[in-house]
Amino acid sequence: MQKAQFGMIGLGTMGRNLVLNMADHGIAVCGYDRNTDQQKRLLEEGKDKPVQTAATMQAFVESLETPRRIMMLVPAGKIVDAVIDEIKPFLQAGDILIDGGNSHFTDTDARIARLQDTGIHFTGMGVSGGEDGARLGPSMMPGGNKDGYAELKNILEKIAAQTDEGPCVTFVGNGSAGHYTKMVHNGIEYAIMQLISEVYAILKNVGGCDNDQLHQVFTNWNDGALQSFLVEITAKVFLQPDDVDATKRLVDVILDRAAQKGTGMWTSESALELHIPTPAIDEAVAARDLSAYKKEREIIDGFTPTTVITAIDKEQLIQVLHDALYFGMAVSYIQGLHLLQTASDTYKYEINMAEVARIWKGGCIIRSVMLNDIRKAYVNNATLKNLLLNKTFYALLEEKRNALVTALKTGMDNKIGMPVLSSSLNYFDMFSTGRSGSNLIQAQRDFFGAHTYERIDKEGNFHTNWN
Ligand code: 6PG
């Protein structure tokens with residue numbers, strides 16, 4: 001039998017759809033899954049396509065041309081290590097083993113180190129876009145090393161989402177850069193999703209918008225500066241009927257308790273460790289945690305009645321919320337990319353930030369038209385520390401600051417929690433303030449702990465005997 005060009009381990013939703021995507025592009029693929037039902041399903045869905053399966057791990061490896069290109073799409077954690085242990089005896093130097101799951105970047109570093117002596121290229125690769133992305137064109141963020149990527153480039157470029165600036169895949173950077181980049185992508189995803197839910201709460205509870213109006217607002221927004229996958233699907237959500245009671249809309253019967261798999265928290269953890277402020281992401285993680293206290297929230301909600309207070313009309317409210325969402329989304333990217341840039345320097349990833357912005361333009365969950373301006377800013381200055389330092393980008397936000405303030409005032413008057421919208425304003429104001437109040441913290445630290453302080457007028461560390 002003709003050898004397959006690519007092997008996939010793990011034929012769940014993502015793995016199976018990626019295989020079918022490859023097969024559509026004429027790439028011969030062999031799929032392997034311990035669960036033979038998954039193998040059968042792949043063969044059914046892939047009939048008439050260059051798709052095969054194998055009975056054992058050894059047969060799977062032997063079905064592939066060399067160097068072997070194999071992707072694992074199995075749950076992150078111990079299972080990845082178990083698969084590596086199982087497949088390793090059958091692989092040889094030069095083969096490429098990809099982990100396409102959401103693995104923690106430190107696990108990826110450990111796996112690269114573990115396989116170092118074997119000559120096997122281990123590529124941690126972030127894959128974004130969910131089921132549809134996998135089937136029709138995801139955004140992919142491979143790390144590892146350039147030699148390994150050279151063997152994958154042709155195939156990955158074919159199956160990736162395509163944009164006016166090329167396929168949504170590139171060698172992101174060394175070592176665990178791919179998984180780190182995907183982690184940051186997810187942190188930004190958390191922040192944008194929380195922002196949209198804050199705006200939704202105001203539109204619904206203060207603006208009095210029903211689901212049809214909400215659908216219209218988000219549809220209109222998706223035609224302009226807010227064009228993005230998350231805004232697009234939000235518009236669609238409002239139209240979905242409840243399949244239990246068709247007189248209702250599904251969104252209204254979904255419990256307001258948001259779950260998470262942890263990648264947002266990982267982003268915040270890493271940001272804290274690297275001392276990069278990412279409050280929008282941190283607040284989004286906290287908001288999901290807070291949403292879990294449903295019972296308690298309901299009890300306290302009963303303590304005081306609320307009445308709607310608003311100083312602006314509905315049309316104005318929709319406009320200020322548009323600008324507020326724009327501002328918050330921009331801040332989410334700014335913080336995530338600041339973190340990514342710093343991680344790149346710290347961990348020697350050598351990430352090209354303009355390229356990251358480019359491959360996020362299609363296929364992934366955080367794709368948006370805003371990434372065009374972000375990309376331009378990094379093309380102008382590849383080592384830009386923080387996007388706010390780009391004058392054009394800063395001006396885009398400054399212009400919308402007043403609208404955000406109005407949106408926040410309206411939400412606050414009506415007791416609507418807006419942790420990411422409000423933290424975005426605080427971040428922007430603090431990051432654009434030359435002289436802040438932090439001198440006082442230094443004074444206090446020196447007062448009670450002799451921790452010393454620096455001065456604005458001369459170099460050195462100073463201590464005062466405060467009285
Ligand atoms: C993507 C997504 C995906 C993520 C889900 C669920 O880029 O396709 O980020 O990888 O796993 O969105 O994430 P949470 O369960 O943490 O919300």
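The legends below describe an overall view and several close-up views of one predicted model.

Local features are reported only at a pLDDT of at least 70 and side-chain atom pairs only at pLDDT 80 or more, while totals for chains, interfaces and linings use all residues. Residues are numbered from 1 along each chain as its sequence is written, and side-chain values use heavy atoms, with hydrogens and water left out.

**Figure 1. Overall view of the chain, with 21 helices and 9 strands.** Helices (H or I, at least four residues) and strands (E, at least two) are DSSP runs, numbered from the N terminus. Along its principal axes, the C-alpha trace spans about 80 × 70 × 45 Å. Of the 467 residues, 52% count as buried. Buried means under 20% relative accessible area, exposed means over 50%, and partly exposed lies in between (1.4 Å probe, protein chains only). Contact means heavy atoms within 4.5 Å; among contacts between residues at least 6 apart in sequence, 69% join residues at least 24 apart.

**Figure 2. Strand β4 and its two parallel partners.** Strand β4 comprises residues 69-72. Two strands pair if DSSP finds at least two bridges between them. Strand β1 (residues 6-9) is joined to β4 by 3 bridges, and M8 stands opposite M71. Strand β5 (residues 96-99) pairs with β4 over 4 bridges, with L97 as the bridge partner of I70. In a regular strand the side chains alternate between the two faces of the sheet. In β4 both faces are covered: R69 and M71 are buried on one side, and I70 and M72 are buried on the other.

**Figure 3. The cis peptide bond between T66 and P67.** The omega angle of this bond is about -10°. P67 is placed in the loop between α3 (57-62) and β4. Most residues other than glycine have a negative phi, and most peptide bonds are trans.

**Figure 4. The antiparallel pair formed by strands β6 and β7.** Strand β6 (residues 121-128) is joined to β7 by 4 bridges, and V127 stands opposite M140. Strand β7 (residues 139-142) is covered on both faces, with S139 and M141 buried on one side and M140 and P142 buried on the other.

Figure 5. V320 counts as buried because its relative accessibility is 13%. Leaving aside neighbours within four places in sequence, V320 is in contact with I312, A403, T406 and A407. V320 and T406 are 86 residues apart in sequence, yet their C-alpha atoms are 6.9 Å apart in space.

**Figure 6. Two residues with positive phi, K415 and T452.** K415 is not a glycine, although its phi is about 55°. K415 is found in the loop between α19 (401-413) and α20 (419-431) and counts as exposed, at 56% relative accessibility. T452, also not a glycine, has a phi of about 70°. T452 lies in the segment after α21 (438-449) and is partly exposed, with a relative accessible area of 25%.
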